[in-house]
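Please consult the sequence and the structure while reading.

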Amino acid sequence: MKLTAAEQAMYDGKEGPAKQKAMDLLMRYGEALGAERLVETNNVAGAFNASTPSVRALVAKGFDAVYSELNLDSADVVPVPKMAVPTCQLITGIDNDNWRIQGIPDELADQQKKAEKHFGALGINMFATCTPYQVGNVPVKGEHCAWMESSAVIYCNSVLGARTNTEGKESTGAAALTGRIPYWGYHIPENRRGTHLVHVDIDVDDIRDWGLLGYWIGEIVQEDVPVLTGNMRQPSLIKLKHFGAAAASSGGVEMYHIPGITPEANTVDDAFGGSKIVETLRFGAAERKLAYANLNCATDRDVDFVMLGCPHNSIDQVALIALLLEGKTLSANTQLWVHTPRALREVAERNGYVKMITDAGGVVMSDTCPAISRYAPKGTRVIATDSAKQAHYLPAILGIPVWFGTVRECVEAALTGKWNGGLQ
Amino acid sequence: MTDTGSNSAIVLHGRKVVGGVAEGEALVTHDTISGWGGINEREGTVIERRHELRGVSFKDKILVFPGAKGSSGYSAYFHMTRLNGVNPRAMIFVKMTTKAALGAVVTRAPAVTDLDQDPLSVIETGDWVKVDADRGIVEVTKRPASAQAAE
């Protein structure tokens, strides 16, 4: 890899040991990729929290030890200076207000708060959400970013036209201290072209169907770049947030085009930019049914836990849930957690949505989700969710079967304790 | 499959991802691997619900796989398998992505990619594999047919 003079100085330790370790990691990583150089970034979204039991031993050694090992891949503990470029914290494992409802020991919640205080002072903005683009970090087309969180990466590349690969805890830790990331993959314009053409033969409009479409596409194209054409209605932030999260769970999709809607292609030809179409796929009734079957692994219709808000709910989604619950009471056998970014929770509170949900017996959570925290209400046997991503991951992470459906089906399950969803 | 006698090694040439030399028994999957939400970092097992290797541990194995998928927590989880001593002894993968690269780097086990033959067809679970990542060489000694028949 070729380094600029400024990069070489950091690599040589002239800017201190933390930047040296950061450059060492970026060099090893860049060489592993086969990158030829680094690119400057002013937008880093990473995971700097220390809220799991497995990092307890590191926390005991101090937060510099946590950052050195987990964010720089350095066993040597180096003093960590202020972040060099704008950096934010993605989702964490603990809701700073509702950890007891999650079932998390006070000690771990305390550990997270101390970590936030430490890293917050170093300049890591505590958005604490998987959707930074909902709360003020909205990169501009062409902007080079270093983001983690597969559902945010696919949104950043595809919907916003900014440029990031799916980075990890260590590479974002290094990028935050150096303002650099390997110039590889989706930073390079040619790699952003389409590979697979997907004809959508059936009407795709509601959030569930966008999720099914994403889940089906991801499993087939894996890490490639699908180009969608056909019968989709005009999507919104909410629908593309859901679609992307699904495609990045069943596969590793980081970039897609919907010609005429996403910013880098007005036509299918634009999207492929002259490169060959690897495969042409069709999404019809059978494919929709298959994705639905793959996401629904529960058989018992008694639901004891309903989870809404992965990726974190927008304010409109919280409003809809509040409306569906207004004046009603949850089944005595069922718990409901509604997840939204902390900044949007403020709005939800001001609007009265939080009260409507909590009056019905639900909990409005921020900062976390069950997949990240690995906590569901104690004794949960069957989960219902409107998220394809949670339906994909929760059976593996928590070992609990899941029903996947619409937000209305999920709210009904929370009110009755029974799953009555199905694909029409 | 390759028609090579059980004693002579098949040699594949590729590119170093992470340097070093290691040898051991191959564990081969045709499914991509999720780190976060796909593996248990304390046991080194695959936990994804519809995965070919569900419940199988890659600890001390030469892990042969198509590549990484899913969450950006991939590297952090393979990083923790190393801290917990349950990481694969080496990695051989096909599709280069940032997740696969960073995951290999922080696992600090020898890793290679861009091989001149498809490792997923040449190598089978149980074969003895030597990875010389610095030279980009993979030597595969097929498991004797008798051992396969005994299963």
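Q: What makes B:Ala22 a strand residue, and in which strand is it found?
A: B:Ala22 is found in strand 3 (residues 21-28) of chain B; strands are DSSP runs of E with at least two residues, helices are runs of H or I with at least four, and both are numbered from the N terminus. The model is predicted, with local features needing pLDDT of at least 70 and side-chain atom pairs pLDDT 80 or more, while totals for chains, interfaces and linings use all residues. Residues are numbered from 1 along each chain as its sequence is written, chains are lettered from A and ligands numbered from 1 in the order written, and side-chain values use heavy atoms, without hydrogens and water.

Q: Why is B:Ala22 called buried?
A: Its relative accessible area is 9%, and buried means under 20% (exposed is over 50%, partly exposed in between; 1.4 Å probe, protein chains only). B:Ala22 is therefore buried.

Q: Why is the pair of A:Trp216 and A:Phe283 called tilted?
A: The ring centres of A:Trp216 and A:Phe283 are 5.4 Å apart, with 55° between the planes. Rings of Phe, Tyr and Trp (its six-membered ring) pair if their centres lie within 6.5 Å; planes under 30 degrees apart count as stacked, over 60 as edge-to-face and the rest as tilted, so this pair is tilted. A:Trp216 lies in helix 9 (residues 207-221) of chain A and A:Phe283 in strand 9 of chain A, 67 residues apart. Both A:Trp216 and A:Phe283 are buried.

Q: What makes the pair of A:Phe243 and A:Tyr256 edge-to-face?
A: The planes of A:Phe243 and A:Tyr256 stand at 80°, with 4.8 Å centre to centre.
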